[in-house]
Amino acid sequence: MPLTDTAAVALARDGDSDAFRGLVERHSRAIFRLAQRMTGNPQDAEDVVQETFLKAYRQLGRFESRANFGTWLHRIAVNCSIDLIRSRKHQETGHDAADLDLFDGADDRLDPSPERLMLSAEVQARVSRAMEGLTAMERAAFVLRHFEGHSIEEISRSLGLKANAAKHSIFRAVRKMRLALEPFVES
């Protein structure tokens, strides 16, 4: 029977490396997905995942057991992603196929026409450029809200913001994305 996060954290604090490995295996996929959406490419996402779990391991003693371990880990990953985005100067060239899922029709996925593929490539390029135009905080808030489906309260906790500040970050990000994607988005 698998351990709960709370039980695994308690064992990991006492030096049980198998317990921590279980936490990594349980949460690494979600952290990678979040990091890839925030950073724009898989290589950076892998770096963020490693940094996230390294920081989590080092700070395990500071983790409050009444909190949700996954939420705490998400916050670390968001901060690591923001740090990485801030450290590079618009060098992103990665593509996120999931971005296109927002705009693609499900029925066209089985056998897309050449025109549909060309349109998808153009939309993907525009989405990538639009994401680059967001500040690190706007990008984090946008990804958490629109890709991860987090509530405003969860986003506020993850980013260390008040609810209104989180809402404003999302609002600014959506406005910038709409403007950048204007030919493809109805107003």
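Me: Where is alanine 10 found, and why does alanine 10 count as partly exposed?

Reply: Alanine 10 is found in helix 1 (residues 5-13), where a helix is a DSSP run of H or I with at least four residues, numbered from the N terminus, as is a strand, a run of E with at least two. The relative accessibility of alanine 10 is 38%, and since buried means under 20% relative accessible area and exposed over 50%, with partly exposed in between (1.4 Å probe, protein chains only), alanine 10 counts as partly exposed. This is a predicted model in which local features need pLDDT of at least 70 and side-chain atom pairs count only at pLDDT 80 or more, whereas totals for chains, interfaces and linings use all residues. Residues are numbered from 1 along each chain as its sequence is written, and side-chain values use heavy atoms, with hydrogens and water left out.

Me: How far apart are alanine 10 and serine 65 in sequence and in space?

Reply: Alanine 10 and serine 65 are separated by 55 residues in sequence, while their C-alpha atoms are 8.4 Å apart in space.

Me: What is the make-up of the chain in helices and strands, and how much of the chain is buried?

Reply: The chain has 9 helices and 0 strands, which gives the pattern α-α-α-α-α-α-α-α-α along the sequence. Of its 187 residues, 41% are buried. Among contacts with a separation of 6 or more, 65% come from residues 24 or more positions apart, a contact being heavy atoms within 4.5 Å.

Me: What makes the pair of phenylalanine 69 and tryptophan 72 tilted?

Reply: The ring centres of phenylalanine 69 and tryptophan 72 are 5.7 Å apart and the planes stand at 45°, so the pair is tilted. Phenylalanine 69 and tryptophan 72 are 3 residues apart in helix 4 (residues 69-87), and are therefore separated by about one helical turn. Phenylalanine 69 counts as buried because its relative accessibility is 3%, and tryptophan 72, with a relative accessible area of 18%, is buried too.

Me: Why are helix 2 and helix 3 called oblique to each other?

Reply: Helix 2 and helix 3 pack at an angle of about 140°, with axes 8 Å apart. Axes are lines fitted to C-alpha atoms, for helices over the stretch in contact, and angles run from 0 to 180 degrees between N-to-C directions. Angles under 35 degrees count as roughly parallel, over 145 as roughly antiparallel, 65 to 115 as roughly perpendicular and the rest as oblique, so helix 2 and helix 3 are oblique to each other.

Me: Which residues make the contact of helix 2 with helix 3, and how do they divide?

Reply: Residues of the contact include Phe20, Leu23 and Val24 of helix 2 and Val48, Val49 and Phe53 of helix 3. The residues of this contact divide into 12 nonpolar, 5 polar and 2 charged, where Ala, Val, Leu, Ile, Met, Phe, Trp, Tyr, Cys and Pro count as nonpolar, Asp, Glu, Lys and Arg as charged, and the others, Gly among them, as polar.

Me: What makes helix 4 oblique to helix 8?

Reply: The axes of helix 4 and helix 8 (residues 152-159) come within 8 Å and cross at roughly 60°, and that angle makes helix 4 oblique to helix 8. The contact is made by residues including Arg75 and Ile82 of helix 4 and Arg157 and Leu159 of helix 8.

Me: How do you know that valine 174 counts as partly exposed?

Reply: Valine 174, placed in helix 9 (residues 163-180), has a relative accessibility of 24% and therefore counts as partly exposed. Leaving aside neighbours within four places in sequence, valine 174 is in contact with Phe142 and His146.

Methods
Rings of Phe, Tyr and Trp (its six-membered ring) pair if their centres lie within 6.5 Å; planes under 30 degrees apart count as stacked, over 60 as edge-to-face and the rest as tilted.
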